[in-house]
Amino acid sequence: ILAADMDLATLEARQSVLEGQFLITTAVHKIPDIRRGDAVRVLLISGELSLTTQGTAEEAAYLDGSVRVMHAKSKRELVGKLISRGVVEVRL
């Protein structure tokens, strides 16, 4: 059962929750900062050089977590770190 002081605004249901039913931890999960298919800005960094381009998230991710993105034009898959909503940093 979820604690009474949990902020429900940061959670979403994994399964149907009926009115009057107790919320349990397996029925909800934290809302991801980006979802699969979201457009993201990809910040490519190599040494002192940095470049910004567009991409698409291949999976849901949370801030400071690893995420796979697909580069918009080359269709290459890159793995980076979600540094803010919609911005993925990829170090080459």
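I1, F22 and I24 form a nonpolar surface patch with about 350 Å² of accessible area together. The model is predicted: local features need pLDDT of at least 70 and side-chain atom pairs count only at pLDDT 80 or more, while totals for chains, interfaces and linings use all residues. Residues are numbered from 1 along each chain as its sequence is written, and side-chain values use heavy atoms, without hydrogens and water.

**Surface patch**
- Patch residues have over 30% relative accessible area and no salt bridge, with nonpolar side chains (Val, Leu, Ile, Met, Phe, Trp, Tyr) joined within 5 Å; accessible areas come from the Shrake-Rupley method with a 1.4 Å probe.
- I1 lies in the segment before β1 (11-13) and is exposed, at 69% relative accessible area.
- Exposed means over 50%, buried under 20%, and partly exposed in between.

**Salt bridges**
- The structure holds five salt bridges, each a side-chain nitrogen of Lys or Arg within 4 Å of a carboxyl oxygen of Asp or Glu.
- R35 and E12 meet at 2.7 Å, N to O; these residues, 23 apart in the chain, lie in the loop between β2 (28-30) and β3 and in strand β1, respectively.
- R85 pairs with D33 at 3.5 Å; R85 is exposed at 58%, whereas D33 is buried at 16%.
- E77 and R68 meet at 3.0 Å, and shared partners join E59, R68 and E77 into one network.

Notes:
Patch = residues over 30% accessible without salt bridge, like charges linked within 9 Å, V, L, I, M, F, W, Y side chains within 5 Å. Helix = DSSP H or I, 4+ residues; strand = E, 2+ residues; numbered from the N terminus. Buried < 20%, exposed > 50% of the residue type's maximum accessible area, 1.4 Å probe, protein only.
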